[in-house]
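Subject: Structure handover

Hello,

Here is the structure I said I would pass on. Please look through it before reading my notes.

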Amino acid sequence: MKLTGTTRRELAEAVKTACPADRELFLDLGGCRIRVLSSTDELNDALADYFKEFLAEPGDAQIVVSAHEDPAPECDLAFTAKRPDPGKTKIKEEWIDLPDGRVVRKRLTGMHFLFGQGENVAVGPCLANSNQVINFINNRFIEWKLNQGGFLGHAAGVRSGGRGISLAGFSGAGKSTLALHLMSRGTTFISNDRVMVERNGAGLVMYGVAKQPRINPGTALNNPDLHCIVEPGLREKFLAMPQDELWQLEHKYDALIDECYGPGRFELRCPMDALVILNWRRDGSPMRARLVDPRDRTDLLPAFMKSTGLFYLPDDPARRAAPSIEAYADLLGLTNLIEISGGVDFDRASDVCLHFMETGRLPAD
């Protein structure tokens, strides 16, 4: 397929004419209804299986996304390369802003994503790269919540009873590992890596993202509910590795919530009664947990703050700039900020989080 045109609308019409998407499914993501159109049964089935916990009956929708299966399309647009993240060297994405939207191209896969003014189109080898289509759908939901005034957080989230907590940490701290430890002790999963936070009266509410956790072997091998994920032939190899090397391993597994913990354990909305920031280290010292004031501890807030990236194109251009650290501090002043420091201890941290969700207080030392 050749993508021709100089506007998002022209490009999208060319895609829809050449490769119609007429299979549909509906999702309910935290109260936001999304209509997903696919051009093949196989792609529709793959998306329905991934989002099975969030399927909804047909009806009206706030967002429409269409996915069109095609070999990597040709395009003559003058894309700009996105600089790699710190510590990385490979350029993975490039983009161009058009008068009525944006196009993002994935260099490695040839996938193209067109969005703007309510239109959202994915085109390319979608089935072979269904994870990118899934991320695109989830990013439409993130954009929708941020356009309503929400803040984006780099955090996992769980709920127990009527209270929910977000879990953030500096690189490699183990927020997903802690979230899955808490899942093994009966909590409900809210999100693995992103939360959108809004004011709700005198407090906060958080929305998760319908993305299954991707974990390293260290997380799987240290949680009985996740042992089944690791292939028997690799389990002994991983167990023989030094702990630091194991936790840094880039080998990843999908930890499907319904398969590991049972159905009905994944939701996308709950109160955010606390933000836990993991500021610990692997040195064997005692773990400590204490309440801190976000305005006094702005050094902790970058662990939670998250830039929006290429897939956010706000309705209001004024929101293109990320909120300031002071704005995050003011927002988090409406909840409890818990710093966990000292040595890494997932069992003790789980005790602290569960006690807080049960009582609204930290346990006595």
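Predicted model: local features only at pLDDT ≥ 70, side-chain atom pairs only at ≥ 80, totals over all residues.

Residues are numbered from 1 along each chain as its sequence is written, and side-chain values use heavy atoms, with hydrogens and water left out.

Helices

Helices are DSSP runs of H or I with at least four residues, strands are runs of E with at least two, and both are numbered from the N terminus. In α1 (residues 8-18), the buried residues are R8, L11, A12 and V15 (buried means under 20% relative accessible area, exposed over 50%, partly exposed in between, with a 1.4 Å probe and protein chains only). These residues lie on the same side of α1 because they cover an arc of only 95° around the axis (the arc is that of the directions from the helix axis to the C-beta atoms). R9, T17 and A18 are exposed, on the face turned away from the buried side of α1. The buried residues of α1 pack against strands including β5 (63-69), β8 (93-98), β10 (112-116) and β11 (119-124) (contact means heavy atoms within 4.5 Å).

In α9 (residues 325-332), Y328, A329, L331 and L332 are buried. Seen down the axis, the buried residues of α9 fall within an arc of 160°, so they line one face of the helix. Their cover includes β12 (151-153), β16 (195-200), β17 (203-207) and β21 (274-278).

Cores

A nonpolar core is a set of buried Ala, Val, Leu, Ile, Met, Phe, Trp, Tyr and Cys residues joined through side-chain atoms within 4.5 Å. The largest has 78 residues, of which I34, I137, I165, L167 and L226 touch the most other members. Apart from it lies another core of 22 residues, among them I190, L275, L300 and L332.

Q117 sits in the loop between β10 and β11. Its phi is near 55°, a positive value in a residue other than glycine. Q117 counts as exposed because its relative accessibility is 67%.

Regards
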